[in-house]
Amino acid sequence: MSAGPQSSRSPGALEYLTTKKDEFVGWARKFSLFPYPFVTACCAMEFMAVSSSPYDTDRFGAALPRFSPRQSDLLMVVGTVTHKQAPVLRRVYEQMCEPKWVIAFGACATSGGFYQNYAALAGIDKIIPVDLYIPGCPPRPEMVIDGIMKLQDRIARDRHPILTENF
Amino acid sequence: MSARPPLPNPIRAAFTGGEHEGTTVVNIGPSHPATHGTVQIVAELSGERILRADVHCGYLHRGFEKECESHTWHNLIPYVDRLNYCSALINDFAYCEAVERLMGIEITPRCRYLRTLLAEYSRLADHLTCTAAMLMELGAMTAFLYLVMLRDYIYEHLAAVTGARVTYSFGRVGGLANDLPDGWLRRLEEILREYDVFVGRVHGLVDRNRIFIDRLRDVGVLGAEEAINWGITGPVLRSTGVPRDLRKDTPYLAYGELDFEVPVGIKGDNYDRYYVRMREMDESVHMIRQLVDLLPPGPVSVDDRRCTLPDKRLVYTEIESLINHFKLIIDGPQVPAGEVYTAHEGANGELGFYIVSTGGGVPYKVHVRAPSFVHVGAIHRMLEGYQLADLVPTFGSVNMIGGECDR
Amino acid sequence: MSVGVHDRVAARWGAQALEVADSHGTLAILVEPARLAEVARSLKDEFGFNLLLDVTAVDWPERTPRFDVVYHFYSTRDFVRVRLKARVPVDAPVVDSLVPLYNSARFAERECHEMYGIEFRGNADLRPILLYEGFVGHPLRKDYPKHREQPLVPYRK
């Protein structure tokens, strides 16, 4: 890339560099998602199905699960989260490093599903921020892949500052 | 970071310090791949050996029994499905049979054979999942991919008849939701041939593999007398050498007419549990092939206005059918007062439904005797004395299904 | 064979029980809470009911005594089932624990205790198993509203 005009004369040059940097970082991040499968219930069956041969998430770079929150960047909450499990989920979310994304996989993670009672948390967005909701009870693997692709589009278009406000 | 109040601890462990010299207390789970995400084990370790283990389940307690008291008998079928979600149809049929017994309804012959066939098909899916997960946790990714590929064929095939892949809501009080579509039985035979191929490969990879024998043989041993005392049934009990199987001992549905064996283990260790499940899958396939030949024609739901929805054309043209349909949907089938305990042989053991009705379309109480819950009560006996790494195959071979354990 | 076992149990305990009846193939026996451990021991030792399947309870709020504590037994030798029931009032919901006889009672009694509040005398470990520390109340009682949640983690926003 040739050195553009000095930024003091043309502020657009710096923005050109930063958008190119954001595209590059976004491309790298979206194709190397390390999911943390926070798996609890029936949606685990579809999670196993979407991770294995017929519907492969490996094609999207999201195949290798990292079972430590410190090493992963995509928290997939798969299945019902109950009130007993909620502190565990909150702790796992807090242990993940930025940037991190959260997928609410299934109807129970999205809104509690049809378990509206004393035991189930009515949606994980009550305790952690969610980036993508995949409805279904359980969702078909194609829906999961569609959801992952939407998340990838979002990551690609996102801003990726090197120095965040938490620095 | 600003100071936040610490997150509360949802459990109280039985011990927090070691009672021996030089031991460490370690917390495993509940968000852990080996514990299938819903069980927490607080273990006291001496080096790598587990001296004591305190097992906590309940992280997936979704209030099934409380939900049962506010929905009609039919509306509960999706909830019942999600108990043992690996073999959802078995739960459906066990629950429907309990309600049918209270109502005094006898299902049609075609329904009887079809329920048996679908129950065995579901059992096949469950054992495939359990074996695949256990082998993957030991590192055998290939075996996992083979078995899950086969399970995927089964899911798509069941979606052709029920409309869903994993949780079907297919059973109805008095029958089934609908009959088989054309070509279903042909595809079934194709899948059973694929089964022979895939499972043959897994046998070849695992059975005489030195690594698996070292990791599974003599690990997680449970004696027969002790197993019965802890309430264990199903493949875990059969792996200890006790040939108890509800399908053979007290036949229900169409099991009395089928020819099958009850595979039994010798030592009650992980290898036996793995092998009993593999042999049970073979027996299930054998039973399915017999049932395809025995399947009689006829209606699949009993023609009883107390529970079966009338034909849609009649609902749109006759006032009696319209009112019947309306009453069944809004009020639910009226089940006479009484109580019943019905048990089926689930994929994990004796799956029992204890139902109390006070008349009316809504149950008074529905209690599930979940085999996984009882097995989790005994898991610490299979963990104590073995290495920490042995926890993975032991837990996998017991097949604790969270939905069934915690309800 | 199964008819024989049920008849023998009914003959042995029919006089001292409050009710003995057949419930769709299961023999249902209602006894007083004080006799519960004795009948259970007899079922296990004399009649071969070696598997305690389940312990649960039923709440009848308009009736005194309020709770029915229900036990299901199975015999792996004769393939028959027996249901044992005992009625306890809400102000003294105490029964003897069956843990000395059957280890499968441990978890089942813990669940029954946290869901209904039944005290099992003799079971030293009655920690909540399906519910969590800090949960107040017994959810399966009829007067516990289904929607009353007791969250452990404060909600966002």
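**Exercise 1. Determine which residues of helix α3 (residues 86-95) of chain A are buried, and which strands are included in what covers them.**

Solution. In α3(A), the residues A:A86, A:V88, A:L89 and A:R90 are buried, a residue being buried if 20 or more other C-beta atoms lie within 10 Å of its own, exposed if 12 or fewer, and partly exposed in between, with C-beta atoms placed from the backbone. The cover over these buried residues includes β1 (35-39) and β2 (74-78) of chain A; helices (H or I, at least four residues) and strands (E, at least two) are DSSP runs numbered from the N terminus. The model is a predicted one, in which local features need pLDDT of at least 70 and side-chain atom pairs count only at pLDDT 80 or more, whereas totals for chains, interfaces and linings use all residues. Residues are numbered from 1 along each chain as its sequence is written, and chains are lettered from A and ligands numbered from 1 in the order in which they are written.

**Exercise 2. Describe how α2 (residues 43-51) and α5 (residues 141-157) of chain A pack.**

Solution. The two helices pack at an angle of about 70 degrees, with their axes 9 Å apart; axes are lines fitted to C-alpha atoms, for helices over the stretch in contact, and angles run from 0 to 180 degrees between N-to-C directions. α2(A) is therefore roughly perpendicular to α5(A), the class for angles of 65 to 115 degrees. Next, the residues: A:E46, A:A49 and A:V50 of α2(A) meet A:P141, A:V144 and A:I145 of α5(A), contact requiring C-beta atoms, placed from the backbone, within 7 Å. By class, this contact has five nonpolar residues, no polar and one charged, where Ala, Val, Leu, Ile, Met, Phe, Trp, Tyr, Cys and Pro count as nonpolar, Asp, Glu, Lys and Arg as charged, and the others, Gly among them, as polar.

**Exercise 3. Characterise the sides through which chain A meets chains B and C.**

Solution. Begin with chain B, of which 30 residues are in contact with 31 residues of chain A. The elements of chain B that give two or more residues to this side are α1 (64-68), α5 (141-162) and α16 (402-406), and α5(B) gives the most, with five residues. This side of chain B has 15 nonpolar, nine polar and six charged residues. Turning to chain C, 10 residues of chain A are in contact with 12 residues of chain C, and the side of chain A concerned divides into four nonpolar, three polar and three charged residues.

Definitions and conventions. Two residues are in contact if their C-beta atoms, placed from the backbone, lie within 7 Å. Angles under 35 degrees count as roughly parallel, over 145 as roughly antiparallel, 65 to 115 as roughly perpendicular and the rest as oblique.
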